[in-house]
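Work through the exercises below with the sequence and the structure at hand. Try each task before reading its solution.

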Amino acid sequence: MTKSELRKTYKTLRKNLSLNDIEDFSLAIANQVIKLPIWDASFYHIFLSIEEQQEVNTDYILNILSGKDKNILIPKSDFETGEMTNYLLTDNTKIKKNEYHIPEPVDGIEISNDKIDVVFIPLLAFDKTGNRIGYGKGFYDRFLAKCKPETIKVGLSFFEAETEITEVFESDIKLDYCVTPKKVFKF
């Protein structure tokens, strides 16, 4: 299947999930995340879930990060430049949904990409070699290209791996791990 066909397929699969499925799968993913060898790091970038897109609910992972007293960074997207800026999540961080329903910080303490140790990445599909498909705007590929090479990239998916994604470009950045409700894939 092409990337656009996979996007369409996985958006449909997500739409067919009940709210209970999303919560149960999200909790199972968080329980798998705990098993990853990533907990010695300091700065963790994590997306805030878009409910309207039925994304993995990252609240459970946020609670783990908070409980481990980690520096949590959340992104703000600039749709004119295609870039993301990272803000430190604090008790005073004000969150507001943008026009695309993405919960984002209004403002706050900006943290540069070179400080980030671990990135949790939203995706629609991934394959057994660590290629991933997002929404097609390239935000995460541009962002990850500006992170240090040793930054650990962790995808979160309700679904298991495709055998192979064939339309892979040089600018596509692979995952190090992908976490599903049942399994951790290591690439």
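The exercises that follow concern a predicted model.

**Exercise 1. The nonpolar core**

Task: Find which residues have the most contacts inside the largest nonpolar core, and list what Val 33 is in contact with beyond its neighbours within four places in sequence.

Solution: 
- Step 1. The largest nonpolar core is made up of 53 residues.
- Step 2. Inside this core, Val 33, Ile 61, Phe 120 and Leu 156 have the most contacts.
- Step 3. With neighbours within four places in sequence set aside, Val 33 is in contact with Trp 39, Ile 61, Phe 120, Leu 156 and Val 179.
- Step 4. As background, nonpolar side chains in soluble globular proteins tend to be buried together.

**Exercise 2. The buried side of helix H2**

Task: Determine how the buried residues of H2 are placed around its axis, and what they pack against.

Solution: 
- Step 1. H2 covers residues 19-33, which is 15 residues, and its span from first C-alpha to last is 21 Å, close to the 21 Å expected at 1.5 Å a residue.
- Step 2. Its buried residues are Ile 22, Ser 26, Ile 29, Ala 30, Gln 32 and Val 33.
- Step 3. These residues cover an arc of only 155 degrees around the axis, so they are on the same side of H2.
- Step 4. Asn 20 and Asp 24 are exposed and sit on the face turned away from the buried side of H2.
- Step 5. The partners packed against the buried residues of H2 are helix H3 (59-67), strand S7 (118-122), S10, S11 and strand S12 (184-186).

**Exercise 3. Salt bridges**

Task: State how many salt bridges the whole structure has, then examine the pairs of Asp 172 and Asp 176.

Solution: 
- Step 1. The search of the whole structure gives six salt bridges.
- Step 2. One of them joins Asp 172 to Lys 3, with the closest N and O atoms 2.8 Å apart.
- Step 3. This pair links distant parts of the chain, 169 residues apart: Asp 172 is in the loop between strand S10 (152-156) and strand S11 (177-179), and Lys 3 is in helix H1 (residues 3-15).
- Step 4. Asp 172 and Lys 3 are both buried.
- Step 5. Asp 176 and Lys 153 also form a salt bridge, at 3.2 Å from N to O.
- Step 6. Because Asp 176 lies in the loop between S10 and S11 and Lys 153 in strand S10, the pair ties together parts 23 residues apart in sequence.
- Step 7. Asp 176 is partly exposed, at a relative accessible area of 24%, whereas Lys 153 is buried, at 11%.

**Exercise 4. An aromatic pair**

Task: Classify the pair formed by the rings of Phe 126 and Phe 185.

Solution: 
- Step 1. The whole structure holds ten aromatic pairs.
- Step 2. For Phe 126 and Phe 185, the ring centres are 5.1 Å apart and the planes are at 75 degrees, so the pair is edge-to-face.
- Step 3. Phe 126 is in strand S8 (residues 125-126) and Phe 185 in strand S12, 59 residues apart.
- Step 4. Phe 126 is buried, with a relative accessible area of 1%, and Phe 185 counts as buried at 11%.

Notes
Residues numbered from 1 in each chain as written. Predicted model: local features only at pLDDT ≥ 70, side-chain atom pairs only at ≥ 80, totals over all residues. Heavy atoms only, no water. Core = buried A, V, L, I, M, F, W, Y, C linked by side-chain atoms within 4.5 Å. Buried < 20%, exposed > 50% of the residue type's maximum accessible area, 1.4 Å probe, protein only. Contact = heavy atoms within 4.5 Å. Salt bridge = Lys/Arg side-chain N within 4 Å of Asp/Glu carboxyl O. Helix = DSSP H or I, 4+ residues; strand = E, 2+ residues; numbered from the N terminus. Expected span 1.5 Å × (residues − 1). Arc of directions from axis to C-beta. Phe/Tyr/Trp six-rings, centres within 6.5 Å; stacked < 30°, edge-to-face > 60°.
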